[in-house]
Amino acid sequence: MVNSFLTKTIVATQATPVIIDFEDVTFQFPDDDLPMFRNISFSIQAGERVALYGPSGCGKSTLLYLMNRLYPDNCDGDLAGSITLWQRDAASFAPGEINHRIATVFQDPDTQFCMPTVEQEMAFTLENLHVTRPEMERRITETLDMTGLTPFRKTTIQTLSGGMKQRVATACAILMQPEVLLLDEPLAHLDPLTAQQYVEWLNDLQWSQPLTIVAVEHQLDLWGTFFDRALHVTSAGMLPAEINPTRSSISFPKRSSAIQPEVVFDARNVHVQVKGKKLLEDVSFQLQRGEIAVLAGPNGSGKSTLLKTICGILKKSEGTLESGNTLPGYVPQSPEQLFVTQRVKDEIRFSNNTKEDEITDIMIRLRLNEIEQAHPFSVSHGQKRRIAIGAMLADKRPVLLLDEPTSGQDESALQELFHLIDARAKEGFAILIVTHDMTFAAAVADTIFLMNHGQLTGRFNNDVVWQQSQLLEQHQLVAPIGACLHV
């Protein structure tokens, strides 16, 4: 849990003007039968910290895109109602003008990178603002130092972990010295300790310079008392604001292990080296039938690399990987990489390994029946992730690899994901999950594998690992709320 902050008190005076104002806003995409939301009204004052939360797919990210004028300027959506920014009609801003004042960090950081290295990406950002070379060098150096990214200045972005990419994207946003910072689930790919540090860093940043922060977030508990207000978004509108919002972690039912004494996956002495850099070193572990294992550790420790190696995306340099006659099923951090059809329902049906009633059950449980006719690329990030997970659950591979399956999911979706994974384990499937959500990990896992610096540092029973505070600290993990710790 993030330490409490001394938060600013926002007072409605002339000194804190309204800079974002939505009045009776309705927005609909042309191909949709119903609006994304109806008659949304709210305002945000300068210097506020506001969270937007609500069910996955309810339009939270769309609200951010209306604030920064990405919508409707760059899509065919129909907008009704009034949006004003700094007391001006939002439509009156010239193309690109608002982006000097409102910076955005998107849910999937890969979508906003244009250049190969961290330094080049930051320079590209400033070149678009016509910043002079000496000023560019000063800003880049200061921002890298502020964000702890100085060691990665010359690093190729696509070699970084998802969490590190998120930090780079945020650094590029801060580099622009905006008045408003829009964040779309910024903690989704960060390990627990890095998430804490990120929130603390944002807190210090806002005190050091005038900045309004608006964040889409499902995991409000990770933010402590950071936000002044939380706005609950629904498709029918917006519920009254909650002042100084806090949340406790989601609770899950207790599950019983379904592990059987049969090894279905075996990795022995696996090494991965790319361009002379060691990514994995001497990794060995086994998965048994019916076992649910979580792979946890710091950002950049090699977790996603291991999953990609197991399923053959990355080539191992040494060692053996054995999973019988069938390759493991794999859901990556960017789920759209898996999509091959034009409709959500067809994605779930694609493998033809599951009966129609089971497909219907998966879709209802993951709330995909609501969007079954939609194109998989047209839905929210959280819904895309559930589509990819549903497709792999329907494919019924004996071993299933899930990379950050909880990202972008609301409480209801997490509960159903828990039950579906548990059901597959009871059917004899082995499941390996990379996640930074320690509450979900503690609820669903039989086994916790810890990883650091490209090496597997231990295998632990789920009920043991959370009691070892020193071990957790070494791996930048935080025990879920309610766990009893000792050194």
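This is a predicted model: local features need pLDDT of at least 70, side-chain atom pairs count only at pLDDT 80 or more; totals for chains, interfaces and linings use all residues.
Q: Is E404 buried or exposed?
A: The backbone of E404 has a positive phi of about 55 degrees, although the residue is not a glycine. Buried means under 20% relative accessible area. E404 has a relative accessible area of 2%, so it counts as buried.

Q: H130 is also not a glycine; what is its phi, and is the residue buried or exposed?
A: H130 lies in the loop between α2 (118-127) and α3. Its phi is positive, at about 60 degrees. A residue counts as exposed over 50% relative accessible area. With 73%, H130 is therefore exposed.

Q: How many helices and strands does the chain have?
A: Both kinds of element occur in the chain. The count is 13 helices and 20 strands.

Q: What radius of gyration does the chain have, and what would a compact globule have?
A: The C-alpha atoms fill a box of roughly 70 × 50 × 40 Å along the principal axes. For 487 residues, a compact globule would have a radius of gyration near 23 Å. The chain agrees with this, at 23 Å.

Q: What share of the residues of the chain is buried?
A: The accessible surface of the chain comes to about 20,900 Å², and carbon and sulfur atoms hold 49% of it. Among contacts between residues at least 6 apart in sequence, 70% join residues at least 24 apart. Of the 487 residues, the buried share is 55%.

Q: How far apart do the centres of the positive and negative side chains lie?
A: The chain has 41 positive side chains and 59 negative ones. The centres of the two sets are separated by 4 Å.

Q: What span should helix α5 have, and what is the distance between its end C-alpha atoms?
A: Helix α5 covers residues 192-208, which is 17 residues. The expected span is 1.5 Å times one less than the number of residues, so α5 should span 24 Å. The distance between its end C-alpha atoms agrees, at 24 Å.

Q: What covers the buried residues of α5?
A: The buried residues of α5 include P192, Y198, W201, L202 and L205. Strands in the cover include β3 (49-53), β7 (180-184) and β8 (212-216). Helices in the cover include α3 (133-147), α4 (162-175) and α11 (438-444).

Q: Which residues is W201 in contact with, leaving aside its neighbours within four places in sequence?
A: W201 is in helix α5 and is buried, with a relative accessible area of 14%. Its C-alpha atom is separated by 8.5 Å from that of M146, 55 residues away along the chain. The contacts of W201 are M146, T147, T170 and I174.

Q: What covers the buried residues of α10?
A: The 16 residues of α10 should span 22 Å, and the end C-alpha atoms, 23 Å apart, agree with this. Buried residues of α10 include L414, L417, F418, L420 and I421, and also the charged D422 and R424. The cover includes β14 (292-296), α8 (356-365), α9 (381-395), β17, β18 (430-434) and α11.

Q: Which residues is R424 in contact with, leaving aside its neighbours within four places in sequence?
A: R424 is found in helix α10 (residues 411-426). With a relative accessibility of 9%, it counts as buried. The contacts of R424 are I362, L393, A394, K396, F429 and I431.

Q: Which residues does F227 touch, not counting residues up to four places away in sequence?
A: The place of F227 is in the loop between β8 and β9 (229-234). F227 is buried, with a relative accessible area of 1%. It touches R49, V50, A51, A215, L220, N244 and P245.

Q: Is the peptide bond from Y71 to P72 cis or trans?
A: P72 is in the loop between α1 (60-67) and β4 (78-85). Omega of the bond from Y71 to P72 is near 0 degrees, and the bond is cis.

Methods:
Residues are numbered from 1 along each chain as its sequence is written. Side-chain values use heavy atoms; hydrogens and water are left out. Helices (H or I, at least four residues) and strands (E, at least two) are DSSP runs, numbered from the N terminus. The radius of gyration is taken over C-alpha atoms; the globule rule is 2.2 Å times the number of residues to the power 0.38. Buried means under 20% relative accessible area, exposed over 50%, partly exposed in between (1.4 Å probe, protein chains only). Contact means heavy atoms within 4.5 Å. Accessible areas come from the Shrake-Rupley method with a 1.4 Å probe; for residues, only the protein chains shown count as cover. The place of a charge is taken as NZ of Lys, CZ of Arg, CG of Asp or CD of Glu.
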